[in-house]
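Please look over the structure below, with attention to helix packing, strand pairing and backbone angles. A short report follows.

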Amino acid sequence: MTAFEKKIDFIVTVEVKDANPNGDPLNGNMPRDDINGYGEISDVCIKRKIRNRLQDMGESIFVQSNDRIDDGFRSLERRFDSHFDKKKDDDESVYVTSCEKWTDVRAFGQVMTYQKRSIGIRGPVSITLAKSLSPITIQSMQITRSTNGMEAEVGKGRSSDTMGMKQYVDYGVYVIKGSINVFFAEKTGFTFEDSELIKEALRTLFINDASSARPEGSMQVKELFWFKHPSKLGVTSTAKIFELLTFEEPSFEKGVFEYEDYKIALDEEKLLEFKSEGLELEVIEGV
């Protein structure tokens, strides 16, 4: 394994067509948006998808979703107990072994609260809340099913549960931003090879992720901008790297947008300045 020694920042653009990228369970599973109408995807949702992709790649994952459990343990506590003795293992051994065993713990960190004490692991990979580049339009569709879920009342052909609503975003381009911190990587044992796994997970983020809310092909990673700094601290702050992304917001009069309409690019003048200080850029087409 190769030590992770150079800071990485990344920007991912995601195209959404007739899909619900991240429903809000407290709002009827409506697509998330902010007070100004811009679409949102929570960082928790994005990390879930990264974990799923890592699991698809054969990596050992601690926080597994219920429909992807591969070790038979139906809770985090049982998974934890299968590897640790609450009476014998001290905090340091739990920290080290957890990072060695589970890729997502090594990458994102985890709070272990299963020994009647809290063991905090701070991971090097941080992900921001994803935002759409322009306000989204949320569509609602009345749906029915052809059979009753419950017995219909006498005299009625349908029960009350045959009707429902489906909400989706007709079109949107969302931006995911993140960073990998060298100093936290040194503590968890996160390696260069781990960073390559994260890169591949981001590139293929929506592979094996289809659902009724996100039909196959309705969400796609368009571009992954992977910035590799020449040192631990980097040539500039992560915020300055994120500011490199430029775009033009399409006119709402045109109606349905295309990805190309946003004219997404990087500020070439600032990018050249950072490159002169050793910053490397890799632009990868998504899947």
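How many residues lie between β5 and β6 in the hairpin that they form?

## Basis of the report

This is a predicted model, in which local features need pLDDT of at least 70 and side-chain atom pairs count only at pLDDT 80 or more, whereas totals for chains, interfaces and linings use all residues. Residues are numbered from 1 along each chain as its sequence is written, and side-chain values use heavy atoms, with hydrogens and water left out.

## The β5–β6 hairpin

There are six residues between β5 and β6 in the hairpin, and K116 in the turn has a positive phi of about 60 degrees. Strand β5 (residues 109-112) and strand β6 (residues 119-122) run antiparallel and are joined by four bridges, where pairing requires that DSSP finds at least two bridges between two strands. G109 stands opposite R122 in β6. Strands here are DSSP runs of E with at least two residues, and helices are runs of H or I with at least four, numbered from the N terminus.

## Packing of α1 and α6

Helix α1 (residues 43-56) packs against helix α6 (residues 192-203) at an angle of about 110 degrees, with the axes 9 Å apart; the axes are lines fitted to C-alpha atoms over the stretch in contact, and angles run from 0 to 180 degrees between N-to-C directions. The contact (heavy atoms within 4.5 Å) is made by I50, R53 and L54 of α1 together with L197, I198, A201 and L202 of α6.

## Other positive phi values

D18, which lies in strand β1 (residues 8-19), has a positive phi near 50 degrees although it is a residue other than glycine. N208, likewise not a glycine, has a positive phi of about 60 degrees and is found in the loop between α6 and β11 (219-228).
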